[in-house]
Every structure is written in structure tokens, then in C-alpha cells.
Amino acid sequence: MTTFAVRPGSSRQLAGTGTLLRFALRRDRVMIPVWIVVNALMVLSMPGTLEGLYGTPAERADLIRQMETNSSLRAMVGPVFGDSLGALTAWRVGVYAGALAAVMSLLIVVRHTRDEEESGRQELVASGMVGRRASLTAALLAAVVANGVLALLVTAGLAGQGTTGALALGLGIAAVGMVFATMAAIVAQLTESARLARGLTAAVLGAAFVLRAAGDSATDDGSSVLTRLSPLGWLENLRPYASERWWVLALFAGAVALQGAVAYALAGRRDLGMSFLPTRPGPASGRLGSAGALAWRLQRGGVLGWSIGFFLAGVVYGGMTDGAADLVGDNAGARRIIERMGGQSGLTDAFLASMVGMLGLIAALYIVASVLRLHGEETSGRAEPVLANAVGRVRWAAGHLVIAFGGAALIMLLAGLGFAVGYGRETGPILGACLVQLPAVWVVGGVAVLLHGVLPRAALAAWGLAGAVLLIGWVGPALDVPQVVLDVSPFGHLPKLPGGSMQWGPVLVLTGLAVLLVSGGLAGLRRRDMTT
């Protein structure tokens with residue numbers, strides 16, 4: 001096994017860090033800006049939107065009173081600590097902006113550490129004049145750059161609402177990102193698979209969100225022990241625009257320093273390519289007698305995680321339906337946004353339709369990740385031994401695509417069941433509303449298949465499409481963008497269910513488009529050379 005030719009403890013441990021950092025930023029020159037822009041736009045669009053919704057002191061005071069008694073909505077977005085536009089912005093999007101920064105950071109760190117080792121590229125880099133901890137340092141610095149730019153944009157964009165609060169919110173969001181960047185650095189040392197490293201770190205993020213939600217549902221001031229155990233809860237308790245608690249930043253700094261030290265210590269105690277939790281050599285039982293069985297074994301963990309998450313999300317959103325309807329029922333601006341997202345129908349149906357639509361947008365992220373597993377298998381060289389046997393390219397790809405497209409159907413079905421459990425009625429219409437999202441999800445997956453089959457070097461651009469679709473569906477209605485912009489997304493053409501009328505035309509057209517995209521991608525895969 002290759003090891004680094006650098007003396008432990010010497011200053012050359014970080015040799016080549018600057019070069020690796022520039023290379024990392026160059027490789028992520030599309031991904032990082034997309035994540036930053038989507039997150040920043042979500043935050044910076046809120047003051048104008050909230051001013052239209054709660055433009056008078058009386059409306060804001062009424063909002064705060066209702067949030068104090070509505071535990072379901074506190075679990076979703078957290079408590080309100082002030083009635084200014086800045087405080088309402090921090091309340092409405094602070095947790096979600098922190099979560100997005102965390103996802104961006106863990107993807108950056110895992111990509112430039114464990115991904116590089118798994119693909120074999122790190123071994124080539126290590127053969128040069130590169131320090132033992134240079135790669136880890138460069139990955140963390142890339143996360144610092146990304147979160148720093150995000151903090152600057154948020155601070156500058158919200159400075160009009162108050163410079164001090166804007167700085168607190170910007171630093172808090174970036175601090176959440178760095179907590180999960182250093183956590184990903186630790187997990188990358190423990191696991192032998194980049195996919196598992198991303199999954200485990202994302203699971204910790206999910207647990208942090210659940211802890212924060214449980215704590216906020218119990219108290220209306222963020223004082224719950226559960227809230228204080230979550231980095232997302234720390235962001236709430238920083239209280240931007242509401243008598244900022246600057247000492248909370250010390251919690252973030254301590255967590256980043258401690259986790260960073262652990263990651264560096266672990267990195268110095270293992271060989272390149274190894275891990276502290278090695279992957280099992282094979283299944284303990286059963287057979288991998290087909291390409292489809294192999295694909296299932298590779299992706300079953302992801303399918304299980306997404307399935308559990310969507311079911312629980314359905315339960316939570318279903319349980320807060322009545323409370324949400326009560327909250328926005330007397331606010332004309334909030335009613336317009338909910339109805340624009342969910343269609344012109346009763347407010348309860350419109351809220352259900354908007355929440356189902358949001359889960360459909362998130363399902364697009366699942367299908368892109370699942371389809372691009374093909375790209376990962378190919379570029380890592382693991383696909384070649386499979387294809388060297390009596391397995392054709394289409395058959396190999398079909399195994400992964402069945403899981404990608406069928407898995408999307410499964411998680412949306414489970415989301416519908418979760419809504420039925422949480423809401424307790426209208427089971428049939430809600431299940432139909434969830435399943436009607438599938439044609440648009442499949443179109444996004446079809447684009448990923450086409451890119452992988454025809455332009456494999458541009459396959460990762462599918463993430464950009466998924467991010468654009470998410471941005472349009474999430475922020476577009478709140479910003480009152482023209483309908484022509486909303487129609488750019490395939491989700492903009494779906495019937496708004498429940499409550500609206502079923503329109504089979506757009507559903508069939510989108511399904512046919514997905515079939516054409518997948519067919520084109522498979523045809524391109526059959527005719528091109530395999531990449532490494």
C-alpha cells in the first residue's frame with residue numbers, strides 16, 4: 001500500500017496544500033457557485049416576501065402570538081424571536097439555509113478526500129511532493145471559501161435590515177456549514193466508501209434537524225435541551241436581529257476545532273485508501289447473480305434512508321396541515337403564496353398540494369443521485385469487471401435505472417402514506433397527489449441518464465438541473481415570478497392535487513418525454529467508449 005514520503009510532524013505535512021486547494025476550487029467551479037447562489041437567493045428573497053405577508057406591526061404581533069401556540073409550525077421552522085423583517089427572515093429560512101450550507105460542505109469535503117482515494121487519484125497525487133494532510137486541509141479550506149462567500153453574500157444582502165443582525169445570520173449559516181464539513185472529514189477517515197461517508201454525515205444532519213424540531217415543538221424560546229444539542233438549534237439561539245447572542249459562535253468554533261483535530265489525528269494514523277471501519281468483503285448470505293442484484297446491493301441503503309425520511313416527512317407535514325391552515329387563514333399574502341404553490345382550491349388542499357410538491361422537488365435530488373451511481377461506477381473502474389462478463393451495457397445500466405425510477409415511485413408512495421397517517425383523512429386523494437409528481441421527477445432523472453450516456457464528462461451537470469428546479473419551485477411562488485418562469489420546470493405543468501382537477505395530458509407528455517430521454521441516454525451509452 002502506498003504511503004506518503006513525508007516525516008510525521010514535519011512542516012512538510014501540508015506541502016502542496018495551496019495547489020490542491022486551487023485544483024479543488026477549479027473542479028468545483030460549477031457546483032460551489034450553484035449551491036451558494038441557491039442558498040443566498042433563498043435568504044435574500046425573504047425580506048420582500050415577508051413584508052408583503054406581514055406588512056403591519058399588528059400582523060407581525062399576531063404571527064408571533066400564533067407561533068407561540070402552534071407547536072407543529074415551530075417544529076417546521078422554529079420559534080420567532082422578534083417582529084422586524086430581519087428577525088422574521090432569520091426565523092423563516094435560517095434553519096433551512098444552515099442545512100443547505102451543511103449539505104454543500106459535506107459534499108465538498110467528501111469529494112476531495114474519500115472520493116479521491118476511492119477513485120485512485122489520490123495515490124497518484126501522493127506520489128509527488130504532497131504532504132500527508134495536504135488533501136484534507138485543502139478540502140476543508142475549500143469548504144471555508146464556499147461558506148465564507150455565502151456568509152458575505154448574506155451579510156451584504158441583508159445589511160439594509162440591520163448590519164449586526166445580517167452579520168450574525170451570515171456567520172451562523174457559515175458556522176453550521178463548517179461544523180458538518182469537519183464532521184464529514186472525520187467520517188471520511190472512518191469509512192472506506194465515499195457514498196457511505198456522504199450518507200452517514202447526511203444522517204447526522206437529519207438527526208440534528210429532528211432534535212431541533214422536537215425541542216422547538218416543546219418550547220417556544222429555543223430553550224429545550226434537545227434544541228441545544230443540535231447545531232441547527234445553535235443557529236436559532238444565536239438570535240440574529242433579536243439581541244444577538246454572540247457567545248453561541250464560540251460553540252461553533254469549539255465544535256469545528258475539536259472535530260478538525262480528530263480528523264487530522266485519524267488521517268495521520270491510517271494508510272492511504274484504508275479506513276478504520278473497512279467495508280465487508282461481500283454479502284453474508286444470498287447471491288449476486290445478476291447486474292440488477294448487484295445494483296440493488298449497492299443502492300439499497302440509500303433507498304432505505306430516503307424511504308424512511310419521506311415517510312416521516314409526510315407524517316410531520318400531514319400533522320401540521322390544520323395548524324398551517326389556521327396560521328395563514330387570515331393573511332391574504334400568505335394565502336396567495338400557498339395557493340400559487342398548491343393551486344386555486346381550499347386552503348387546506350392548497351397547503352397539502354404545496355407540501356406534496358416540495359417533496360416531489362426533493363425526490364428529484366434522489367433520482368439524480370441514484371442515476372449518477374452509474375457514473376461513479378464507471379469512472380471508478382468498477383463497471384469494467386462487470387461488463388467483462390456476459391453482461392451488456394444496457395443490462396448493467398437497467399439494474400441501476402430500475403432502482404432509480406422505481407425508488408422514486410416508492411418514496412413518493414411512502415410520503416403519501418405518511419401524509420395519510422399525519423393528517424388522518426383523504427388518503428386516496430393524497431396518495432394520488434404524491435404519485436402525480438412522478439412524471440416530473442422522472443424527467444429530471446431522464447436528463448441525468450441522457451447526460452451520462454451521451455456526455456459523460458458533463459453528467460454531474462444533472463445536479464445543476466435539480467438545483468434549478470428546486471430553486472424555481474421553492475422560491476419562485478414567493479417572489480411572484482411570472483408563470484412562464486415557473487413553467488420552465490417540469491413540475492410547473494403538473495395538476496395541483498389534492499383539490500384541483502386531474503389533467504392527464506401534461507402527465508402523459510412528461511412521462512413520454514422521460515421515456516425518450518432515458519432511451520436516448522441508453523443509446524448513447526451503447527455507442528460510446530467507457531470512461532475512466
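## Helix α26 and its cover

In this predicted model, the buried residues of helix α26 are Val507, Leu510, Ala514, Leu517, Val518, Gly521, Leu522, Gly524 and Leu525. The elements that cover these buried residues include α19 (373-379), α21 (393-423) and α23.

The length of α26, which comprises residues 504-527, can be checked against its residue count: at 1.5 Å a residue its 24 residues should span 34 Å, and the end C-alpha atoms, which lie 35 Å apart, agree with that expectation.

## Helix α14: length and faces

Within α14, the residues that are buried are Val248, Phe252, Ala255, Gln259, Gly260, Ala263, Leu266 and Ala267. Viewed down the helix axis, these buried residues of α14 fall within an arc of 125°, and they therefore line one face of the helix.

Ala250, Ala257 and Leu258, by contrast, are exposed on the other side of α14. Cover for the buried residues of α14 comes from elements including α9 (134-158), α10 (163-190) and α13.

## Packing of α13 against α14

Two packed helices are described by the angle between their axes and by the distance between those axes. For helix α13 (residues 231-238) and helix α14 (residues 248-267), the angle is about 155° and the axes are 9 Å apart. Because angles over 145 degrees count as roughly antiparallel, α13 is described as roughly antiparallel to α14.

On the α13 side, the residues in contact are Pro231, Trp234, Leu235, Asn237 and Leu238, and they meet Val248, Leu249, Leu251, Phe252 and Ala255 of α14. Sorted by class, this contact between α13 and α14 consists of 9 nonpolar residues and 1 polar residue, with no charged residues.

## Gln437 in its loop

Gln437 lies in the loop between α22 (427-435) and α23 (438-454).

When neighbours within four places in sequence are left aside, the contacts of Gln437 are Val356, Gly357, Gly360, Met412, Phe491 and Leu494.

Technical notes: Residues numbered from 1 in each chain as written. Predicted model: local features only at pLDDT ≥ 70, side-chain atom pairs only at ≥ 80, totals over all residues. Heavy atoms only, no water. Axes fitted to C-alpha atoms, helices over the stretch in contact; angles between N-to-C directions. Helix = DSSP H or I, 4+ residues; strand = E, 2+ residues; numbered from the N terminus. Parallel < 35°, antiparallel > 145°, perpendicular 65-115°, else oblique. Contact = heavy atoms within 4.5 Å. Nonpolar A, V, L, I, M, F, W, Y, C, P; charged D, E, K, R; others polar. Buried < 20%, exposed > 50% of the residue type's maximum accessible area, 1.4 Å probe, protein only. Arc of directions from axis to C-beta. Expected span 1.5 Å × (residues − 1).
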